[in-house]
Every structure is written in C-alpha cells, then in structure tokens.
Amino acid sequence: IGPAEPIDYPTALVGDWKSVEKTSYGDREFYVIYHFNDNNMGTMDGEMDGKIFSSTLIGWGYIEDENRYVVGYLQSQTNDFLYISEDGKTLVNQAGDKFKKL
C-alpha cells in the first residue's frame with residue numbers, strides 16, 4: 001500500500017529519523033538519529049540510554065536522476081547515500097541500516 005499522494009522526494013527527507021536496530025554496549029542501548037532541516041543542513045546524533053551524547057553536522061541533497069539522497073558528514077569530509085521507501089516511512093543507508101521517521 002503506497003501513500004495517498006506521490007512523495008515529494010526533494011522534501012521527504014526533512015524531519016527526524018531514528019535507527020531501527022539498536023546497538024548494545026553492555027547493558028546500554030545506542031541509536032543513531034538524523035535531523036534533516038529544510039535548508040539542506042542538519043545533524044547526525046548518537047543517542048544512548050535516551051540521551052544525545054554526540055552530534056555531527058551534516059549537509060544533504062537530493063539527486064533527482066538517481067532518486068537518492070547524499071549526506072555529507074562535515075567533520076570527517078565523507079558522504080553516504082540514502083534511499084527512501086515508496087511509502088516515505090523508511091530510510092536506508094548504503095550499509096543497509098534502516099531508519100524510521102519520527
């Protein structure tokens with residue numbers, strides 16, 4: 001079942017996305033949260049035990065002819081490609097990690 005209206009891909013990424021899979025460090029839970037702002041900037045945050053403990057500035061854009069997003073991590077000067085599901089509710093990175101829109 002798809003969305004009621006077609007997804008506006010250039011703006012569909014805007015918002016907060018949290019990793020579906022948790023990573024455990026001993027008895028502590030770790031998640032990644034992306035915050036995509038409408039000005040093509042944002043942050044990638046590490047969340048442990050429900051609290052943000054690290055934050056990296058990011059820039060992002062939509063590559064229309066490839067129907068994917070590129071995210072640049074400003075501190076490490078690296079990038080990643082992201083893909084959004086047809087229903088607009090799941091984001092997947094190059095490594096196959098999934099994120100759900102909050």
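**Salt bridges in a predicted model**

Arg68 is buried (under 20% relative accessible area; exposed is over 50%, partly exposed in between, with a 1.4 Å probe and protein chains only), at a relative accessible area of 17%.

Reader: Which residue forms a salt bridge with Arg68?

Author: Side chains of opposite charge can pair when their charged atoms come close. The term needs a side-chain nitrogen of Lys or Arg within 4 Å of a carboxyl oxygen of Asp or Glu. Here the partner of Arg68 is Glu66, with the closest N and O atoms 2.5 Å apart. Glu66 is partly exposed, at 39% relative accessibility.

Reader: What should I know about the model and numbering?

Author: This is a predicted model: local features need pLDDT of at least 70, side-chain atom pairs count only at pLDDT 80 or more, and totals for chains, interfaces and linings use all residues. Residues are numbered from 1 along each chain as its sequence is written, and side-chain values use heavy atoms, leaving out hydrogens and water.

Reader: How many salt bridges does a search of the whole structure find?

Author: Three. In one of them, Lys18 pairs with Glu47, the closest N and O atoms being 3.0 Å apart. That pair links distant parts of the chain, 29 residues apart: Lys18 is in strand E1 (residues 15–19) and Glu47 in strand E4 (residues 41–48). Strands (E, at least two residues) are DSSP runs, numbered from the N terminus.

Reader: Is Glu47 buried or exposed?

Author: Buried, at 11% relative accessibility. Lys18 is partly exposed, at 22%.

Reader: Where do Asp49 and Arg28 lie?

Author: Their side chains meet in a salt bridge, 2.7 Å from N to O. Asp49 is in the loop between E4 and strand E5 (51–63), Arg28 in strand E3 (residues 28–36). Asp49 is partly exposed, with a relative accessible area of 40%.

Note on methods
Helices (H or I, at least four residues) and strands (E, at least two) are DSSP runs, numbered from the N terminus.
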